[in-house]
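Please look at the sequence and the 3D structure below.

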Amino acid sequence: VPDWQYNPTMTRQKINDSVLRIIDAAQNRASEGLRVVEDYSRLHLEDRLLYSTAKKLRHDLTQALVEIETLELLQSRNTADDVGTTVDADSEYRRTGNQQIVRANFARVQQALRTIEEYSKTFDVNIARNIEQIRYASYTLEKVIANTNHSRIDLKFANLYVLTDLRNSMTAFEGLIHELIAANVDLIQLRDKSATDRQLVLAGRLLTQLTRNSKTRWIMNDRPDLAFLTDADGVHVGQNDLSVADVRAIVGPDKMVGVSTHNIDQARAAAMSSATYIGIGPVFASSTKSIETQATDTFLQQVATEISLPAFAIGGIDEHNLPELIGLGIQRIAVSHCVISAESPTAKIAALKSMVSVVPQQNTACCPSE
């Protein structure tokens, strides 16, 4: 959500009484709608990032209208004679669930902000511009909340993610994939930096064929073009790869997009970019990640308590150090070597799955009350 600062460049004109009434009513509608969104983010999603973003929008709205005296607005109010208080629609009294409530209140917020924006043009263009930016920010927040809710539902029971290369032959690779699927691995990522594009496409199409009627889904690492060609369930990108928006332009809006993050700012940005999930790490040194880049405990705890978008810890995880992560609030893990190089991948998967919760813990420390 963009920050802005009131910077008057013109003398404010006198405000017509009817315009004051319109702005007062619209401000109330927008503030009330944002409060509903705040409560949903705080108490249903338990997402500190989205809650604080919604709360900031509501405070920004108050600040945008700070040049209009509160007494002016209150004196213009005439609820008793307001013809709108007796006109309603049956749909206003019907809600099918939380998501419809959120959609209805975002619509209320955006319509009210447009009203304020248009009428404030009659006396102060700077107010109109600031309100316009708040309205744009509300569109982004609506998209992010919808995406977060969808991702939480879609990956609700996904807690074990296995990354694999092509092994030493296609036969060995196919055998491993059969074993991973039989062991109920939630996600498989095809990641092999040494493979050719043709090899990745061949392996990807095999993955699509093998996982099609299973509970396991597969992700292509780095390459949205190859994910598209192989009809992968999604693609995973790093900080130096394509943006989430660019990836979705290639693979479409229905595919999963994961993003690697290494600090809380990157995790927040990924969550606000409408990623499906984030990778957080590396949490321990591994064959592909050096200890110098290890994620801090503080970062892991921040993600666990602040962001409700599914987050998979990655990097050198096995059954011996997993309890340390669980103690930090981590409930989803991505592993590679400890599974694909195990004497019995099935047994290793069972051991790891027994240690992580099937249903992620609720974030009861999410959001403080005002």
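## The barrel

Strand 2 (187-190) and strand 3 (residues 217-221) pair in the parallel sense over 4 bridges. Strands pair here if DSSP finds at least two bridges between them. Strands (E, at least two residues) and helices (H or I, at least four) are DSSP runs, numbered from the N terminus. Within this pairing, Ile188 has Trp218 of strand 3 as its bridge partner. In general, the strands of a sheet pair through backbone hydrogen bonds, either parallel or antiparallel.

How do the 8 strands close into a barrel, and in what order? The order is 1-2-3-4-5-6-7-8, with parallel pairing. From one strand to the next, the twist averages 25 degrees. Helix 9 (residues 244-251) packs on the sheet and touches strand 4 (234-237) and strand 5 (256-261); contact means heavy atoms within 4.5 Å. The direction of helix 9 makes about 155 degrees with that of strand 5. Axes are lines fitted to C-alpha atoms, for helices over the stretch in contact, and angles run from 0 to 180 degrees between N-to-C directions.

## How the model is read

This is a predicted model, in which local features need pLDDT of at least 70 and side-chain atom pairs count only at pLDDT 80 or more, while totals for chains, interfaces and linings use all residues. Residues are numbered from 1 along each chain as its sequence is written, and side-chain values use heavy atoms, with hydrogens and water left out.

## Backbone exceptions

Most residues other than glycine have a negative phi, and most peptide bonds are trans. Arg167 has a positive phi, near 60 degrees. Arg167 is in the loop between strand 1 (160-164) and helix 6 (170-182). Asn184 also is not a glycine, and its phi is positive at about 65 degrees. The loop that holds Asn184 runs between helix 6 and strand 2.

Buried means under 20% relative accessible area, exposed over 50%, and partly exposed in between (1.4 Å probe, protein chains only).

A cis peptide bond joins Gly281 and Pro282, with omega about 0 degrees. Pro282 lies in the loop between strand 6 (277-280) and helix 11 (297-306).

## Around helix 8

Leu229 belongs to helix 8 (residues 224-230). Leu229 has a relative accessible area of 47%, so it is partly exposed.
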